[in-house]
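Here are some exercises to work through with the model open beside you. Try each task before reading its solution.

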Amino acid sequence: MIHKDHNETAQKLLVAAGEVFATSGYEAATIRQITDRAHVNLAAVNYYYGDKSNLYREVLRWVFQRRFENLRVRCGTGPADHRLRCYIEAMLLPHGVDDWPWQRAITIRALANEVLPPFRTEISNMVRPIHELLREIVNDMTHGALDELQLELATHNVQNMCLRWRNRARLIEALSPQLQTLDEQAIVEAIFQMASGGLQQLYRPRGTSARRRPRQQERNARIA
């Protein structure tokens, strides 16, 4: 997937930088490592991107833009529950929304704030369209019944379930080795059931409460 605003050399630098940043992190990565991997001279970084920080910004901008575009195609239309499942699958399955294998690793580093403070606001702005997409799904799942604070909290809760499984796989395996027997689709299904069930509990038709439902079910059973 070639960025339309870059020629072949600039694209090589972008991909090589992504691989190095994903493996080493921003601070440990060097321009020499990047240019050696891209098979270009050192001056190319200055010519196309200025310096390492601008190259890093461009890599992240590209990664999050592609992720959003892929998510929008997969999860942008259809019933809300279908879109929620598609979103969870895209977040958890290998290469679900990524064009390159290293994109997941660099995303994890960026979202874990393993970067210098000046980048954090920019990363938040890059992630915002993805957050808004999930927010729309959550709003549709709850039929627009949540206020702004509830909607934001619910959106973050769903996202956090995905991020924990994706970003903390080793910790989960260490704490709960029995979960290693689960395949990725089973994990997707478990998170979907938890997320959709929780969102359904947040939405209750007017005049219906959680306490009234069992009583109504008992009356229906007696009548039957």
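This is a predicted model: local features need pLDDT of at least 70, side-chain atom pairs count only at pLDDT 80 or more; totals for chains, interfaces and linings use all residues.

Residues are numbered from 1 along each chain as its sequence is written, and side-chain values use heavy atoms, with hydrogens and water left out.

**Exercise 1. The fold**

Task: Find how many helices and strands the protein has, and what share of its residues is buried.

Solution: Start with the secondary structure, taking helices (H or I, at least four residues) and strands (E, at least two) as DSSP runs numbered from the N terminus. The count gives 11 helices and zero strands. Next, turn to burial, where buried means under 20% relative accessible area, exposed over 50% and partly exposed in between (1.4 Å probe, protein chains only). Of the 224 residues, 41% are buried. Finally, look at contacts (heavy atoms within 4.5 Å): among those with a separation of 6 or more, 68% join residues 24 or more positions apart.

**Exercise 2. A helix pair**

Task: Describe how α4 and α5 cross, and list the residues that make the contact.

Solution: Two packed helices are described by the angle between their axes and the distance between the axes. Here the axes are lines fitted to C-alpha atoms over the stretch in contact, and angles run from 0 to 180 degrees between N-to-C directions. Helix α4 (residues 52–75) and helix α5 (residues 80–92) have axes that come within 9 Å and cross at roughly 145 degrees. From α4, the contact uses Arg 67, Leu 71, Arg 74 and Cys 75, while α5 brings Arg 83, Cys 86, Tyr 87, Glu 89, Ala 90 and Met 91.

**Exercise 3. Rings**

Task: Classify the ring pair of Tyr 26 and Tyr 56, then that of Tyr 47 and Tyr 48.

Solution: Rings of Phe, Tyr and Trp (its six-membered ring) pair if their centres lie within 6.5 Å; planes under 30 degrees apart count as stacked, over 60 as edge-to-face and the rest as tilted. For Tyr 26 and Tyr 56, the centres are 4.9 Å apart with 55 degrees between the planes, a tilted pair. Tyr 26 is in the loop between α1 (8–24) and α2 (31–38) and Tyr 56 is in helix α4, so their pair ties together parts 30 residues apart in sequence. Both Tyr 26 and Tyr 56 are buried. With centres 4.8 Å apart and planes at 90 degrees, Tyr 47 and Tyr 48 are edge-to-face. Tyr 47 is exposed at 64% relative accessibility, whereas Tyr 48 is partly exposed at 29%. One aromatic cluster is formed by Phe 21, Tyr 26, Tyr 56 and Phe 119.

**Exercise 4. Charges over rings**

Task: Which charged residue sits over the ring of Tyr 26, and which lies over the face of Phe 192?

Solution: Look for NZ of Lys or CZ of Arg within 6 Å of the ring centre and within 35 degrees of the ring normal. Over Tyr 26 sits the charged end of Lys 52, 4.5 Å from the ring centre. Over Phe 192 lies Arg 85, at 3.9 Å.

**Exercise 5. An exposed residue**

Task: Locate Met 194 and decide whether it is buried or exposed.

Solution: Met 194 belongs to helix α10 (residues 184–202). Its relative accessibility is 58%, so Met 194 counts as exposed.
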